[in-house]
Amino acid sequence: VIEKEIKPLKGELVARDIEINKIHQHLKKDSVSVRQEIAMLRAKDFPGLRKIDPHPLPLQVFAMKEAELEFASQVVENRPLRDSLNLPLQIEGLRKEMKYAIALDSIASYLVERNMEDESANYHHFVNTAFGSPAYLKTLVRSTKELALREKIHREAAIKRKTDALRWIVNGADSIPLFFEVSAASRFKPLVLLEAKITAGLAFADSVGVGYFYTIHPARKPVLSASYPVNKAAFKKRYLSVTKALCTQDEKGLVYFVLTFQEAKLGDKYQATLTKIYKVEGLAWSVDVAFDQVATEMTFSVESSEVSVKTKSSIGEVFVTTFNRDGKLVK
């Protein structure tokens, strides 16, 4: 058994470590992913060794070194994302790297807890040939664990930073919130938020609001935006609790409509402002309108270029008011 099974294993273990080191040099020199090479290595198991030792130290060391290569390969594969303006894609890439950093940390932590000196005695030839001494192997394991921990911390911070950035559109000195729970001090009060599509609301420099509209770009940059006047009497800060908005658009995203409206009467009408925004030209017009009932729905007809607002009375009666392409009431 010693001659036919044990002795050949000694050479095979050292040869496996040499293969891993060559793959590491290939990755380091050419800065390419080596995921396929790692998969091919893992296909070559050591069933004879596992019969003798259910938890062989060399295989755990190989697993650690292979996990480090997988992490580095993921970093290489994500390299194009670093120049991307797409924040969700950047976060997805960081989370993939995080997964491999966690796996590396787990394996290295397991090895740190093992009695390296005693276990190295069972694999004297492998440890001394591949690493020089048990002390050096122990140092390698600890440094790998420290590396994994640093990479985890770095990516946790980056993911949090970029996830926070997803919550805002940055337009010069202004940060437009992409969430409804804004602070009382915020100038911007979102009324509509369609995830990854559009947001609209009111901005307050003083007590009177001004309408704003933004499409939501993956880079969170103001690709299409508009600022427009709204009914000054109706859309004051003190009326925010009864102020709502509706948005609609054509299928190609070439034209957008925003209806800012009140759910309570001002005078004897429900006051509203209807706004039209083109993708290319920007703001087309903004007109003040009034309804006898509260607005519930808005639709746009590409064929007629008309926008219709559905309103509903307190007893459930439904009415439709239609406006032409210029914002004029269609009789």
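Modeller: A pocket here is an open set of grid points with protein on both sides within 12 Å along at least five of seven lines. A lining residue has an atom within 4 Å of such a point. The model is predicted.

Colleague: Which residues lie nearest the centre of the largest pocket?

Modeller: Asn-21, His-24, Lys-65, Glu-68 and Leu-140 do, out of 14 lining residues. Two or more lining residues come from each of H1 (2–30), H4 (57–77), H7 (124–131) and H8 (134–165). H1 gives the largest share, 5 residues. The space in this pocket is about 270 Å³.

Colleague: What makes up its lining, by class?

Modeller: 7 residues are nonpolar, 4 polar and 3 charged.

Colleague: What do the buried residues of H8 pack against?

Modeller: They pack against H4, H5 (87–113), H6 (116–122) and H7. Among these buried residues are Leu-137, Val-141, Lys-152 and Arg-155.

Colleague: How many aromatic pairs are found in the whole structure?

Modeller: The search gives 10.

Colleague: Why is the pair of Phe-46 and Phe-62 called tilted?

Modeller: The ring centres are 6.4 Å apart, and the limit for a pair is 6.5 Å. The planes meet at 35°. Stacked needs under 30 degrees and edge-to-face over 60, so this pair is tilted.

Colleague: What makes this pair a tie between parts of the chain?

Modeller: Phe-46 lies in the loop between H2 (35–42) and H3 (47–52), and Phe-62 lies in H4, so the pair ties together parts 16 residues apart in sequence. Ring pairs also link Phe-46 and Phe-62 with Phe-126 and Phe-131 in a cluster.

Colleague: Why does Phe-46 count as buried?

Modeller: The cut-off is under 20% relative accessible area. Phe-46 has 6% relative accessibility, so it counts as buried. Phe-62, at 2%, counts as buried too.

Colleague: Why is the pair of Phe-188 and Tyr-212 called edge-to-face?

Modeller: The planes are at 85°, and edge-to-face means over 60 degrees. The ring centres are 5.4 Å apart, and the limit is 6.5 Å. So the pair is edge-to-face. Phe-188 is in S3 (residues 188–194) and Tyr-212 in S5 (residues 209–215), so parts 24 residues apart in sequence are tied together.

Colleague: Are Phe-188 and Tyr-212 buried or exposed?

Modeller: Phe-188 has a relative accessible area of 7%, so it is buried. Tyr-212 is at 4% and counts as buried.

Terms used
Residues are numbered from 1 along each chain as its sequence is written. This is a predicted model: local features need pLDDT of at least 70, side-chain atom pairs count only at pLDDT 80 or more; totals for chains, interfaces and linings use all residues. Side-chain values use heavy atoms; hydrogens and water are left out. On a 1 Å grid over the protein atoms alone, a cavity is a set of points where a 1.4 Å probe fits but cannot get out, and a pocket is an open set with protein on both sides within 12 Å along at least five of seven lines; lining residues have an atom within 4 Å of a point. Grid points are joined across faces, edges and corners, and a volume is the space filled by probe spheres set on the points. Helices (H or I, at least four residues) and strands (E, at least two) are DSSP runs, numbered from the N terminus. Ala, Val, Leu, Ile, Met, Phe, Trp, Tyr, Cys and Pro count as nonpolar, Asp, Glu, Lys and Arg as charged, and the others, Gly among them, as polar. Buried means under 20% relative accessible area, exposed over 50%, partly exposed in between (1.4 Å probe, protein chains only). Contact means heavy atoms within 4.5 Å. Rings of Phe, Tyr and Trp (its six-membered ring) pair if their centres lie within 6.5 Å; planes under 30 degrees apart count as stacked, over 60 as edge-to-face and the rest as tilted.
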